[in-house]
Amino acid sequence: MVDKPQENETLVIPSVLPLLPVRDVVVFPYMILPLFVGREVSIQAVDEALAKDRLIFVAAQRDVNEEEPSAEGVYRVGTVATIMRMLKLADGRVKVLVQGLAKARILEVVQQRPSMVVRIEQIPEQESKGDPLEVEALVRNVREQMRKIASVGKNVSADLLMVMENMNEPGRLADLIASNLGFSIEEAQKVLEILEPISRLRRVHELLNKEVQVLTMQARIESQVRDEMTKGQKEQFLREQMRAIRHELGEADDKFQEIQELREKIQAAKMPPEVEKEADKQVSRLDQMHPESAEAAIVRTYLDWLIEIPWSKSTEDTLDLKKAKQILDEDHFDLEKVKERILDYLAVHKLKEKMKGPILCFVGPPGVGKTSLGRSIARAMGRKFVRISLGGIRDEAEIRGHRRTYVGAMPGRIVQGIKQAGSNNPVFMMDEVDKIGADFRGDPSAALLEALDPEQNFAFSDHYLNLPFDLSNVMFILTANLLDPIPAALRDRMEVIHLSGYTPLEKVQITKRWLVPRQLKENGLIEGQLRITDSAIHDAIFLYTREAGLRNLEREIGTLCRKVARRVAEGGTGPFLLNRKSLTKYLGVPKFLPEEEREEGEVGVATGLAWTEFGGEVLYIEATTVKGKGNLTITGSLGEVMKESAQAAVSYARSRARNLNIDPDFFEKSDIHIHVPAGAIPKDGPSAGVVMATAIISAITKVPVRSDVAMTGEITLRGRVLPIGGLKEKSLAALRANIRILLAPHQNAKDLEDIPIYVRKRIDFRLVKHMDEILEVALVQPHEEKESGQGASVPPQKAKPAADRPREKLLQRGV
């Protein structure tokens, strides 16, 4: 904004004024402009100026990004301005209208807070000294440059041009142009700091000349672009004429044929109405584009995806329940829960035609057949099967797809899998859902929420397609080794089915029915060339593998087949018989041996059971006492929960000292050391509490713990035994270790139904409520010591159930 100067005014400016730093403008004398003030220090400066004479010193910041500039952060030369108007805004800022009065220079900073106050020195305007003809020529050149700038497209107001025509003072003219033409902060500040008027106007003339050259070049570039656009439109018009001429002559038009083929494919795809509408729209856009343009290739690829996705193609489910059960039994041994769930779904589907597909999650250790079970389900239902692996995925676009604005964009893995299957109701398996990652590109597990929610997936939207796709007919099956890493929101949308490890009997049957025939085929052998006895399979399971699944066992069977294949290739005829004696010849020395140290009961050693992602494991927890000062040492790479269980076990033993005839001063005069072997393997969990308590009491009372007894359960300070998880896996581990009695919490009685019958026949499961009941069974009784000798292993006794034994019958043992 410009204002005509008022002549013959005497201006008195105080030497101390509040400072207002401004970011993006340089204020010149006689310049009127609005300023928005938002910083607290600046608002205080405005308030202080309004409270006095409305005068304020305005200076530009050196760094526009500095939020709270110091005195060194503003230019020394600025303008004294008067605040004409002030308005407080709703967001806390203040809008002021200021008018520049005179130039001034900062001498010193008087005050920093709450507002910045500076001492200034007014800079008087110098008189023009020079040849009048030269000054007149310079003024005319500046005016001519301004008119050129206005003619080539620069937005210059008519008021500015009018005031400029009537202004003859070089200094005032330079300030007027510099304040209204939008120079950079640095250039405008340089103009402000030039005190001699003619020199200041020459500098403005140089800047105007540069601005004219830039604007002229910009206009030339715009003209070239406009000519190119006109040329493109002309080419498009000529192509349309050529197509019309070819059509009249009966000649084929490749583009016309392509468009017609696309329209026919869209009709044949039987898309939903909104999808078909979008496809027709994209075809019309493609028809208007140049065939060789980049955008035409993007649209063509998008249309190919829309056409190839099976919007209405589906396979018919096999609703013969007997046939489906037969297929599931042929492919997998046991796994009754999963088979029952699939047969239930087919039964309901037989009664109700339209129903949503289930979303199952198989959780179990590696090698138990989770992925192969998905293939069997697809075969039993007569559906297509598609599988993707989610392990290591960190980009949300892997699930939802990329937006078409990106180069190389494509749909997500779900839509790709549907296209690969060729039907809209496949069995869709997603492996390793517990190993999904997340980073700055998004969280893939969050993107799965829509796809796996039955209430939302009927309109799943992929970023690439940007159209809804119905996933409600898809049977989703996810697999995981662990349930804990899966986010709770995603876990809530799935029906979790736990697959435990196989028992030795099941492994023998699976090896005979599936593993051996498959390895014979893969290694070029025919049936009858190799026969493996049951005893050899049994030893391969126990002596060469230690797993819940079957992968290592299949590798060992494959090794046997390769050894026999080599003998056949060398001229052997066979058939070859592999029994227990010849197993070492082919597989080498056994990798795993039975625990020798637990063949007899020992003092301070108790047998516990642990659950791992690979199945159950047996833990031999040791405890010993030495003279000391009552310290507790825990070793074996134990986690915090397991250490707390050890402390609870010691506290329980101290609380029962009187009942166990333990010297009350024993715990103050002795140190207790608890150790869990295999120290390199981290261990954690509360289920070893009763094992530690038994080992500690055995070490203190010098009474051996029976070697054929294993136990599991969380212990409280009062001796109560709390429930645990993974009882089936633990029982299978106990069976591998030849355990005869397994002591488990009473509240785990419901889990006994999941344990195979033959395991329950070979192991005596005894449910306990209190630690006293465990001691009564696990520690060697006095009559057993006389008959068997101290520390000997004894067969299990047919004791009364734990619920029938009175808790008052406590062990009375001396130290």
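Leaving aside residues up to four places away in sequence, I177 touches V142, M146, M164, V204 and L208; contact here means heavy atoms within 4.5 Å. This is a predicted model, in which local features need pLDDT of at least 70 and side-chain atom pairs count only at pLDDT 80 or more, while totals for chains, interfaces and linings use all residues. Residues are numbered from 1 along each chain as its sequence is written, and side-chain values use heavy atoms, with hydrogens and water left out.

I177 and L208 are the residues with the most contacts inside the largest nonpolar core, which has 54 residues. A nonpolar core is a set of buried Ala, Val, Leu, Ile, Met, Phe, Trp, Tyr and Cys residues joined through side-chain atoms within 4.5 Å. Buried means under 20% relative accessible area, exposed means over 50%, and partly exposed lies in between (1.4 Å probe, protein chains only). In soluble globular proteins, nonpolar side chains tend to be buried together.

Helix α6 (residues 197-249) gives this core its largest share, seven residues. Helices (H or I, at least four residues) and strands (E, at least two) are DSSP runs, numbered from the N terminus.

With a relative accessible area of 43%, M217 counts as partly exposed. Together with I221 and V225, M217 makes a nonpolar surface patch of about 260 Å². Patches are made of residues with over 30% relative accessible area and no salt bridge; nonpolar side chains (Val, Leu, Ile, Met, Phe, Trp, Tyr) are joined within 5 Å, and like charges within 9 Å. A salt bridge is a side-chain nitrogen of Lys or Arg within 4 Å of a carboxyl oxygen of Asp or Glu. Accessible areas come from the Shrake-Rupley method with a 1.4 Å probe, and for residues only the protein chains shown count as cover.

Burial can also be followed along another helix. In α18 (residues 534-544), the buried residues are A536, I537, D539, A540, I541, F542 and Y544. They pack against α17 (504-522), β14 (530-532), α19 (551-569), β15 (576-578), α20 (580-587) and α24 (727-736).
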